[in-house]
Amino acid sequence: VQLQASGGGLVQAGGSLRLSCAASGRTFSSYAMGWFRQAPGKEREFVAVVSGSGGSTYYADSVKGRFTISRDNAKNTVYLEMNSLKPEDTAIYYCAASAYYSGARSRYEYWGQGTLVTVSS
């Protein structure tokens, strides 16, 4: 599975962005898809995950109620809608694929290249 993330950019605090992650391969729906982020000088952390069918989602507490993960299996694409953005959301955002519905980074086998989100105060 090859993953290509896009949609990052510069936004003011309180604004919104939508990230996309396009996947190659015919088995996209068999993978749970997650978003992770890594801020400068910090560890990569879990943001959200969606199950293969799209029927289940789970979020980190820091983004719950502000971010929404979704997927379109017909388009082999997963999305992360980010609202009410805060400066502390500034990070490189990575999409990843896993055979497991999990928030654990170690469970993810395939990673995209990352897209930078910068939130100004």
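Student: Which kind of contact do the side chains of aspartate 89 and arginine 66 meet in?

Tutor: They meet in a salt bridge, at 2.7 Å from N to O. Keep in mind that this is a predicted model. Aspartate 89 sits in the loop between S8 and S9 and arginine 66 in the loop between S6 and S7, so the pair ties together parts that are 23 residues apart in sequence.

Student: Are aspartate 89 and arginine 66 buried or exposed?

Tutor: Both are buried.

Student: OK, and what else does aspartate 89 form a salt bridge with?

Tutor: Arginine 37, with the closest N and O atoms 2.9 Å apart. Arginine 37 is in strand S4, residues 32-38, while aspartate 89 is in that loop between S8 and strand S9 (91-98), so this pair ties together parts 52 residues apart in sequence. Aspartate 89 and arginine 37 are both buried too.

Student: Which residues are linked in the network, then?

Tutor: Arg37, Glu45, Arg66 and Asp89 are linked in a network of salt bridges.

Student: How many salt bridges does the structure hold?

Tutor: It holds 5. One of the others I can point to joins arginine 105 and glutamate 43, whose closest N and O atoms are 3.8 Å apart. Arginine 105 lies in the loop between S9 and strand S10 (108-111), and glutamate 43 in the loop between S4 and strand S5 (45-50), so parts 62 residues apart in sequence are tied together by this pair.

Student: Switching to strands. In what order do the 4 strands of the open sheet come?

Tutor: The order is S1-S3-S8-S7, and the pairing is antiparallel. S1 (3-6) and S7 (67-72) stand at the edges with a single partner strand each, so one side of each has no neighbour in the sheet. On average, neighbouring strands here are turned by 15° against each other, ignoring direction.

Student: How many bridges join S7 to S8?

Tutor: There are 6, with S8 covering residues 77-82 and the two strands running antiparallel. If you want a spot to look at, phenylalanine 67 stands opposite methionine 82 in S8.

Student: Last one. Where is the place of threonine 115?

Tutor: Threonine 115 is in strand S11, residues 115-120. Threonine 115 has a relative accessible area of 11%, so it counts as buried.

Student: What does the side chain of threonine 115 reach at 3.0 Å?

Tutor: The backbone nitrogen of glycine 8. Leaving aside residues up to four places away in sequence, threonine 115 touches Ala5, Ser6, Gly7, Gly8, Leu19, Ala91, Ile92 and Tyr93.

Key:
Residues are numbered from 1 along each chain as its sequence is written. This is a predicted model: local features need pLDDT of at least 70, side-chain atom pairs count only at pLDDT 80 or more; totals for chains, interfaces and linings use all residues. Side-chain values use heavy atoms; hydrogens and water are left out. Two strands pair if DSSP finds at least two bridges between them. Axes are lines fitted to C-alpha atoms, for helices over the stretch in contact, and angles run from 0 to 180 degrees between N-to-C directions. A salt bridge is a side-chain nitrogen of Lys or Arg within 4 Å of a carboxyl oxygen of Asp or Glu. Buried means under 20% relative accessible area, exposed over 50%, partly exposed in between (1.4 Å probe, protein chains only). A polar contact is a pair of N or O atoms within 3.5 Å; within protein, one must be able to donate a hydrogen and the other to accept it, and residues adjacent in sequence count only if both atoms are side-chain atoms. Contact means heavy atoms within 4.5 Å.
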